[in-house]
Amino acid sequence: MPGPSPGLRRALLGLWASLGLGVFHLSAVAQEPFWADLQPRVALVERGGSLWLNCSTNCPRPERGGLETSLRRNGTQRGLRWLARQLIDIREPETQPVCFFRCARRTLQARGLIRTFQRPDRVELVPLPAWQPVGENFTLSCRVPGAGPRGSLTLTLLRGSQELIRHSFAGEPPRARGAVLTATVLARREDHGANFSCRAELDLRPQGLGLFENSSASRELRTFALSPDPPRLAAPRLLEVGSERLVSCTLDGLFPASEAGVYLALGDQRLSPDITLEGDELMATATATPSSEQEGSRQLVCIVTLGAESRETRENVTVYSFPAPLLTLSEPSAPEGKMVTVTCTAGAGALVTLDGVPAAVPGQPSQLQLNATEHDDRRSFFCDATLEVDGETLNKNESAVLRVLYAPRLEDSDCPRSWTWPEGPEQILRCEARGNPEPSVHCARPDGGAVLALGLLGPITRALAGTYRCTATNIQGEAVKDVTLTVEYAPALDSVGCPERITWLEGTEASLSCVAHGVPPPNVSCVRSGEAKVIEGLLRVAREHAGTYRCEATNARGSVAKNVAITVESPPQMDESTCPSHQTWLEGAEAAALACTARGHPSPQVRCSREGTPQPQRLRVSRQDAGDYRCLATNAHGTDSRTVTVGVEYQPVVAELAASPSGGVRPGGNFTLTCRAEAWPPAQISWRAPPGALNIGLSSNNSTLSVAGALGSHGGEYECAATNAHGRHSRRIIVRVAGPWLWVAVGGAAGGAALLAAGAGLAFYVQSTACKKGEYNVQEAESSGEAVCLNGTGGGGSGGGAGAEGGTESVGTMEAPAGGEVFAIQLTSA
C-alpha cells in the first residue's frame, strides 16, 4: 500500500507532537484494548486555510473506517489501519470532525476540534464631522469586521501617536468574531488638524502563532470657534461715483481664522477683499468703485463663514456724483503786460469760488482779469466747488499756474556778487537768474580765461579765484553781472617767504619775518624754542639771538608751522680769556703753537708770528723762543690782533761755584763760597757742609756761604744745589784748612775730639727737629750757632733728575768724598 505524501507526513508529525492529544490517547488506550485516534486532535487554522487530518486505529483488521466532517475535502489517502484527508477552505468558526473505525462489532471513535482565526485585515474608523465646534463632544468609533477570535483582540483609539482608549476583548466566546470600540471626545483647539486612527491587535502567541496588527486610515479633525458677535464694517457713509474707497470688515474670536470665508459686496457688486489675520482676528479690506448706475442708497454687506456657521453685517451707504471744478486761463503763458482772464466752473448744483470770490448762484462760473507782470509769473489760482449730499457738505478744488514771459534778472539772492569757498572740497557753484523762459547763465573771466562750471559738482582750486562776468540770456533779453570768487586756503610757509636758515650779523638791526601764503592773509608769529615770547619788530643783533625759532602761520582755514634756524655771525674778537697776553713754555718740550683763539662766526682763523726777525722752526722749545709775538684773527667780517709775551722756563744749572780765597784756608782764617745758578723761574739755593762744621753764615738768598775763624772741621766737601719747579742741579767743592804741623797735631787732637762731640750733638738736634721735614730756618751765621742742618751720614744731596748733579770743585788738592744726603735748608734773615 502506498505511504502518505510528504505533506501528510509533516502533518502527522505535528499532530503526534501535540501533548494534549497524546494524553487523551493514553487515556483511551488505558480504557480499552482497541482505539481510534485523530491527529491533530485540536487545530487552529486561519479562515479559508487548509489542514491535513490523520485518522488511525490499532485494530488489527478494522472492518471499515472514515472521517466525518462538514468541511470541504480535497483528497484522501488510505491504509489498512489509517486514512489521511486534506480539508480546504475552512471558514467555520468551530467544527468537530469525527474519526471512526468498526472493529469486532464495535465502533471506535475519536473526536477532534478545529477552530479558525481571522486577521484584522479591515480596521475602519467611522468618518469624523466635517467641522467640529470647539468645546463640544464628538464620537470616535472603530470597527474591525470578522477579525477573531474576539477574545484575542485588542483595539486602541489614537490621536496622532497618543493613545486615547485601549480595550481588550479577553473572555469573549471562542466563536465570537469582529469588534467595535466607541468613545466620546471633547473637541479642543489643539485638536484642529489632528489625525485620529484605530489600531487592532490579534494576539495568537499563546496558541503558538504570532501577533497580527493593523491600523485604520487616519482621519483629520477640523475644529473651529466662531464668535456670536457680527462683523464690524468700516466704510465711508458717502461714496463718489468713479472714486476708489477702502472698506473693511473685521471679526475677532475666530478659530482657525485662516479657514474663514468672507463675502463682501456693495449692492449687487461683489468686492474682492484682501484678508489679513492677526491671532484670532480677521480683517477683510477691499476697494469699492461705485458706478453711475449705483447712485443713491445702497447696502454694504459683509458675511463671515466658518465651519457650518456664519455671521453677517449690513450697512447703508449713499453713492453720489460730484465732478471736479474746471479752472481755465485765457493765456497760460502770457508776455509781460498781456491781459489774462481766469474762469472757474463746476457741475450743476455746485457753488464755485475763485480765489475767495464766490459765484452769484450755484451752477454759475466765476471770473477775474489781470494785467500780467513779472510778479504774476508762477502765480497760482484756486477754484473751490462745494456740494451738499445727504446733509454733508463736500468740497473739491482745482488750481492753475500762470506763466509770465519776461527778460532775465540776476538778483544777489540767486547770484551773489561775491563767493567765498574753501579750497579742496567739491562744491556746486550756482548763479541763477530769474526769467521766463528759464535763462541760461554763463560766467567767464573778462579776459577770456577760465569759465565757471555752474551747477556741476567740482573741486575748488585757488586757480579759480578772480572776477567773472555772468550773462543770463533767454528769448526776452539778457542780464549781465560781475561776480568775484574768493578761494580760501590754509597757510603755507615756503623757503622763499620763510627760509629754513637765516644769517644775521652781530651789531646790526634785523627782524624775524616769515611771509606765509594763504587766504585770508595769515597771521604769522615766531617764538624761540623753549620760550613763550613772540619775536616782533627790529632787533639789535646779538649772539644770544642765535637759535631755532618756531614760526606759525594761522588763518580761518588752518595753520602751519616751520622751524627757522637763526645764525648770528660776528667779526673776530680776542681777549685775555681766549688769547692770554703772557704765556709760558718749558724748555725742551715739544714745540707748540701759542694758545690763542678768537670768538667770531664764522670761526676766525688765527695766525701768530714773532715780532722782528722770524726765528727758525725748532722741534723743541728753547729759551731763545722767548719774546713778543703778534696774533692776528681773521674771518669774513674783519680782523683782530693781540700781542703775546712768551716766557721760556727751564730747569736750574749751577753755572758757577767758587771759593775765596781760592788757595786754601789757614786755621782761624775766613773763607767764602759763592754759588751762581741759571734758572727760570729763579732757583732756590741750598748747601751741604761737612759734618761738624759750625758757625756757617749764609747770605739772604743763600748764594754765599761764609765761615769766620775756620777750624779743621770746616774742611771737606761743600755742595751747592739749585732747585725750581722743573728740577734740581748741584755742584761740589772741597775746602782745605791747613797750618803748622804741631798746631795741627795738638789742635787736631784736642779740637777733633771737641768737634766730634759737637758734631754728634748738632746732628742729634737737627734730626730731632725741623730737619725731619727737610726745612729749617736759621739766623745769620754771625749770631747763630745753628747754621746747618745735616744728615748724620753726610755725603751727596738729593733732588733733580739724572745728570742734574754738578761736579766737585776743590780748594787745594784733596778730593771730596762721594755720596751722602743733604736736607734742604732755607736761610732767612733774623
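**Exercise 1. State how many helices and strands the protein has, and what share of its residues is buried.**

Solution. The secondary structure consists of 3 helices and 65 strands. This is a predicted model. The protein has 830 residues, and 40% of them count as buried. The exposed surface comes to about 43300 Å², of which carbon and sulfur atoms supply 50%. For contacts between residues at least 6 apart in sequence, 65% join residues at least 24 apart.

**Exercise 2. Classify the ring pair Phe117 and Phe212, and locate both residues.**

Solution. A pair of aromatic rings is described by the distance of the centres and the angle of the planes.

Step 1: distance. Two rings pair if their centres lie within 6.5 Å. The number of aromatic pairs found this way is 5. The centres of Phe117 and Phe212 are 5.7 Å apart.

Step 2: angle. Planes under 30 degrees apart count as stacked. The planes of Phe117 and Phe212 stand at 25°, so this pair is stacked.

Step 3: location. Phe117 belongs to strand E10 (residues 113-117) and Phe212 to strand E18 (residues 211-215). The two are 95 residues apart, and the pair links distant parts of the chain.

Step 4: burial. Buried means under 20% relative accessible area. Phe117 has 5% relative accessibility and is therefore buried. Phe212, at 16%, also counts as buried.

**Exercise 3. Do the classification for Trp131 and Phe224.**

Solution.

Step 1: distance. The ring centres of Trp131 and Phe224 lie 5.8 Å apart.

Step 2: angle. Planes over 60 degrees apart count as edge-to-face. The angle between the planes of Trp131 and Phe224 is 85°, so the pair is edge-to-face.

Step 3: location. Trp131 lies in the loop between strand E11 (124-125) and strand E12 (132-133), while Phe224 is in strand E20 (residues 223-224), so the pair ties together parts 93 residues apart in sequence.

Step 4: burial. Trp131 is buried at 18% relative accessibility, and Phe224 is buried at 5%.

**Exercise 4. Describe the surroundings of Asp191.**

Solution.

Step 1: location. Asp191 is in the loop between strand E16 (179-186) and strand E17 (195-203).

Step 2: burial. The relative accessibility of Asp191 is 0%, so Asp191 counts as buried.

Step 3: partners. The side chains of Asp191 and Arg188 are joined by a polar contact of 3.0 Å. Leaving out residues up to four places away in sequence, Asp191 touches Arg159, Leu186, Leu221 and Thr223.

**Exercise 5. Which ring does the charged end of Lys396 sit over, and at what distance from the centre?**

Solution. The ring is that of Phe322, and the charged end of Lys396 is 5.2 Å from its centre. Arg462 lies over the face of Tyr489, 3.6 Å from the ring centre.

Note on methods:
Residues are numbered from 1 along each chain as its sequence is written. This is a predicted model: local features need pLDDT of at least 70, side-chain atom pairs count only at pLDDT 80 or more; totals for chains, interfaces and linings use all residues. Side-chain values use heavy atoms; hydrogens and water are left out. Rings of Phe, Tyr and Trp (its six-membered ring) pair if their centres lie within 6.5 Å; planes under 30 degrees apart count as stacked, over 60 as edge-to-face and the rest as tilted. Helices (H or I, at least four residues) and strands (E, at least two) are DSSP runs, numbered from the N terminus. Buried means under 20% relative accessible area, exposed over 50%, partly exposed in between (1.4 Å probe, protein chains only). A charge sits over a ring if NZ of Lys or CZ of Arg is within 6 Å of the ring centre and within 35 degrees of the ring normal. A polar contact is a pair of N or O atoms within 3.5 Å; within protein, one must be able to donate a hydrogen and the other to accept it, and residues adjacent in sequence count only if both atoms are side-chain atoms. Contact means heavy atoms within 4.5 Å. Accessible areas come from the Shrake-Rupley method with a 1.4 Å probe; for residues, only the protein chains shown count as cover.
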